[in-house]
Amino acid sequence: QRTHFQGMPGSNCTQPTEFILMGFTENPSIQVTLFLMFLVTYLVTILGNLGMIALIRASPLLHSPMYYFLGNLAFVNLCSSTVITPKMLVGFLLGKKRIAYAGCTAQVFTFDVFGMAECFLLATMAYDRYVAICHPLLYGLVMSPERCFQLVTGSYLLGLVNGVGQIISMSSLFFCSSSAINLFFCDISLLISLSTSNTTLSYIILRTSSSLLGVPSILVVLMSYMAIISTVLSIRSAEGKRKAFSTCASHLTAVSTFYGALIFMYLVPSSGTSRGREKWAAVLYTVVTPMLNPLIYSLRNQEVKEALRRLRKRK
């Protein structure tokens, strides 16, 4: 469906009231398989992240800055997954691949808010590990409850700034020739490429957001781990090195998964033959990573295992 709109100067165009999410395939049997696979993934994501939040709140052993950040990361993962996966599941089950313009706008806004918030939460967690390993005597002073609250609040506010920026970007776009998005969710970069209007403002907002928000969060992670590695290598005993590195192994795994999928999805040049790989990179970034994070921290973290053991024993 389209509504008549005076788009570019001197020409008439029809602005779509909805978009078509192309998804993965039209084959019914494959769609059923994908539905079951993504349904299980989403259920594990919901249970894993809700369980992590509940465990952190219930266990005094986990009332520390690192787990405060982890609880917020679980909340962000829960929200970002819920923005995308249910709509995708409905598309597989009922074949409804259309999404209203307002729904697409809401998806862009919410996903970009929580996506950028996750970038800064991961950077905050890297900084937390840097202080814990490189300056342990100052840890209690630097990572005070007030400072932790400020860092988390700042992550959400910067995510909000990113989301508002992308909505402004989308509001300047007109789609006169095509409303088919070759993905399973509304992504601002694809919407810009589909637009038939002047996209200068949209590209400026997108690149400014990436430069001023995305790049600093990555630099914080890199600089923190460079300092951590330098400190760990200076430890003489092998046991001391193992203990120091084990405190950030889970976070390093989560960071590698998140940024690896993000870089492949947005920074690797696209081509006709790489469209399928791009979609599966988007799956890793939007669907799989939110499921993996609680599993990574629960399976690799001794404190989480101990908190679970104590909770079961108490009950």
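The model is predicted: local features need pLDDT of at least 70, side-chain atom pairs count only at pLDDT 80 or more, and totals for chains, interfaces and linings use all residues. Residues are numbered from 1 along each chain as its sequence is written, and side-chain values use heavy atoms, with hydrogens and water left out.

The unreviewed UniProt entry lists residues 32-56, 68-94, 106-127, 212-233, 245-268 and 280-299 as "transmembrane region"; such annotations may be inferred rather than shown by experiment. In the model, residues 68-94 are 100% helix and 0% strand, with end C-alpha atoms 39 Å apart. Residues 212-233 are also 100% helix and 0% strand, and here the end C-alpha atoms lie 32 Å apart. Helices (H or I, at least four residues) and strands (E, at least two) are DSSP runs, numbered from the N terminus.

Helix α11 covers residues 302-314. Its 13 residues should span 18 Å at 1.5 Å a residue, and its end C-alpha atoms are 18 Å apart, which agrees; the expected span is 1.5 Å times one less than the number of residues. In α11, V304, A307 and L311 are buried. They cover an arc of only 60° around the axis, so they sit on the same side of α11; the arc is that of the directions from the helix axis to the C-beta atoms. The face turned away from this buried side carries the exposed residues Q302, R312 and K313. Buried means under 20% relative accessible area, exposed over 50%, and partly exposed in between (1.4 Å probe, protein chains only).

Shared partners join E306, R309 and R310 into one network. E306 is partly exposed at 24% relative accessibility, as is R310 at 46%. Elsewhere, R129 and D128 meet in a salt bridge (2.8 Å, N to O), and both are buried.

L157, L160, V164, I168 and L201 form a nonpolar surface patch. Helix α5 (residues 145-171) gives the most to the patch, with 4 residues, while L201 is found in helix α7 (residues 200-234).

Notes
Patches are made of residues with over 30% relative accessible area and no salt bridge: like charges are joined within 9 Å, nonpolar side chains (Val, Leu, Ile, Met, Phe, Trp, Tyr) within 5 Å. Accessible areas come from the Shrake-Rupley method with a 1.4 Å probe; for residues, only the protein chains shown count as cover. A salt bridge is a side-chain nitrogen of Lys or Arg within 4 Å of a carboxyl oxygen of Asp or Glu.
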